[in-house]
Amino acid sequence: MKHGFLNTKKAARWMDHCAQPGLTEASSQVVQTKVHSGNMKTAFLEEQNPEIPYVEQDEMRINDISDNAPIFVTIPSKTLTATLAECPDNWTECIFLGPKLKHVILDTPNFPSQVPIPPTTRCRLETTPTMGLGFFATSDMKMNDLIFAERPLVVKPQAPPMQTSIFVGMSAEQQRLAMMAEYEKVLEFMIKRMIPENRAALMALANSHTEDGSGPIHGVLRTNAFATSLGKDDGSGVSYSAVFDKLSRVNHSCVPNAVTKFDLASFSSSMCAIREIKTGEQIFIAYCDTGASTAARQRELKPYGFECSCRRCTDPESDGLHQRIIKSMGPLNYYTPTSDHAAVFAESVKWMKTIEAAGLQILHSYETHICAAMMASSKLGKMEDYLRYIQMRSEWNEAMHGKLLEHTML
Ligand SMILES: C[S@@+](CC[C@H](N)C(=O)[O-])C[C@H]1O[C@@H](n2cnc3c(N)ncnc32)[C@H](O)[C@@H]1O
């Protein structure tokens, strides 16, 4: 399928079909919502009448919206004429399914707080020889240093919100194409709501889905979206992903030197170093599960349209090493106050060094060994080591999850 799929006769036929009265009754109404410090203005978009973009509804009406209805929300709230100068932290254009997530966000303590800023600029966007654009470190960094944080340009459900009932009588492929065309129309509506700078930034992002029936906006979203923790606590069972201006320019490695996490209060994602990064090094995050085998990771990366050639993917021994790292945690399950603390300490320090040499500090086994070394050093009365490992563990956790752990003396 070519880039301009929506302009083809085939797409037009499917769109006509989907627009037939009766077939699209549910999908012809799209709910539009704005955040107004607790108040909601709700509107129903009449696709048949673009002259009337929306009709204001009252607060009661939003509570009648079904859990599956797409709602358009701008976070934080903005006026129609707002400019970036008024809100340097920027706005996010969201599609939520039902009103629950919006309530969760509004109820988050300190929402909307300021997006964190690193003490200095720590990276620069450059052209890479084989990966398009990418970010490179402009200063040395250590674990948990903030590289940058930003609000997403877009937040949307991971799976396109579609009415499958409108595709009765079509083949599976016809349904897939019709769904893509329908979804592109929803996305077109969404990006019209964005400020011009954000719309331009979104559409300038890479698109590796030009041949699979995705429309141009959906292709960009599929190439650049990150999974977030949004939706996990609202009871809706919907997962959301986010697309960013800068973060979506960070390339992938299975041996990443950076990690990202989403913070609800500032409604932003931050990228932190997960190990030492030297000036001039490219910054990499992982697009796939770093705990998976090489074959499984390659499969997961396929939709991005490249074959990973990081040192882990090209080293035939890397899966074996990963298996040994996983196995190394086994004895720690049986670690008790009567264990041989000196042996546990020596083993854990050895495995930490092995993991560091492989650049795999992103693995949870790294934290497990830091923890074991911390506990063993406490038992052995090695206070200096103990304090060092406490610090390392809290930095690892803060980089990965954004919160400090409570420590208890053992
Ligand atoms: C989210 S974008 C990353 C930014 C992108 N390089 C750009 O120029 O905008 C994802 C795309 O970057 C490229 N990419 C990311 N990591 C790569 C890697 N390790 N090797 C080759 N290409 C990569 C692929 O084209 C992929 O579809």
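Which residues surrounding the ligand are the closest? I started there and found G132, L133, A206, N251 and F306, out of 19 residues around the ligand; a residue is near when its C-beta atom, placed from the backbone, lies within 6 Å.

A note on the model: it is predicted, so I kept in mind that local features need pLDDT of at least 70 and side-chain atom pairs pLDDT 80 or more, while totals for chains, interfaces and linings use all residues. Numbering runs from 1 along each chain as its sequence is written.

Ligand shell. I sorted it by class and got seven nonpolar, 11 polar and one charged residues. Here Ala, Val, Leu, Ile, Met, Phe, Trp, Tyr, Cys and Pro count as nonpolar, Asp, Glu, Lys and Arg as charged, and the others, Gly among them, as polar. Strand 7 (133-137), helix 6 (216-224) and strand 12 (251-252) each give at least two residues; these are DSSP runs numbered from the N terminus, helices (H or I) of at least four residues and strands (E) of at least two.

Domains. I see domain 1 (5-109 + 151-240), domain 2 (116-150 + 250-314) and domain 3 (316-401), with bounds from an automatic or database domain assignment. The ligand lies between domain 1 and domain 2, because both give residues to its shell. I also looked up their interface: 15 residues of domain 1 are in contact with 12 of domain 2, contact being C-beta atoms, placed from the backbone, within 7 Å. The domain 1 side has seven nonpolar, six polar and two charged residues.

I147. Leaving aside neighbours within four places in sequence, I147 is in contact with residues including P118, M141, A258 and I283.

Technical notes. Contact = placed C-beta atoms within 7 Å.
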